[in-house]
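Dear colleague,

Please find the structure below. A short account of its findings follows.

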Amino acid sequence: MSSAGMFKSQQCGSQFTGLELPDIVHLRLQGRCTLEECQMINRTHLEYAKDLPYFFFLINLTNLEDLPAAVRKEASETVKVLPLRGTVVCNAPLRARVLAKLLLTAGNLASRLVGKSPTSNPVVFADSEEEARAWIEQRRRQVTEAAA
């Protein structure tokens, strides 16, 4: 995932995140994500949230090896305060799917405690970026219709 076409982008150690307008935040995790990298990612996502009323995550975990418990905890603390309206994890092998589901479920459960709807950030898995983008487009329409 390159930064071409991104409104903003940030390399966070071996990890990458970028904002594609109007409302998609890309995240690529590879190898073993460290706590320092996670903190950099979180700061970047909180900055993106200042510019947008909400956004969708498009997460690529093709080459993820590990998300240690401390990283999952740190990330879920930020996920619960981000204005997420949907998350698509694409190209993820089984181990990465399990790790992503653990992190995102924890973040979603915690967000319910701070007053967010339990369906405000549905999490789905896609086999390709094209499939992920189609889901985001459908979800974007749902969010727009619900706001009207």
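**Contacts and cores**

Leu61 touches Leu29, Val89, Cys90, Asn91, Ala92, Pro93, Ala96 and Ala100, leaving aside residues up to four places away in sequence; contact here means heavy atoms within 4.5 Å. This is a predicted model, in which local features need pLDDT of at least 70 and side-chain atom pairs count only at pLDDT 80 or more, while totals for chains, interfaces and linings use all residues. Residues are numbered from 1 along each chain as its sequence is written, and side-chain values use heavy atoms, with hydrogens and water left out.

The largest nonpolar core has 29 residues, of which Leu29, Leu61 and Leu67 touch the most other members. Such a core is a set of buried Ala, Val, Leu, Ile, Met, Phe, Trp, Tyr and Cys residues joined through side-chain atoms within 4.5 Å, where buried means under 20% relative accessible area (1.4 Å probe, protein chains only). A second, separate core of 11 residues includes Val88, Ala126, Ala132 and Val143.

**The sheet**

Six strands form an open sheet in the order S1-S2-S3-S5-S7-S8, with mixed pairing. Strands (E, at least two residues) are DSSP runs numbered from the N terminus, and two of them pair if DSSP finds at least two bridges between them. Strands S1 (8-12) and S8 (123-126) stand at the edges with a single partner strand each, so one side of each is left without a neighbour in the sheet. S8 pairs with S7 in the parallel sense over 4 bridges, and Val88 stands opposite Val124 in S8.

Yours sincerely

Notes:
Buried means under 20% relative accessible area, exposed over 50%, partly exposed in between (1.4 Å probe, protein chains only).
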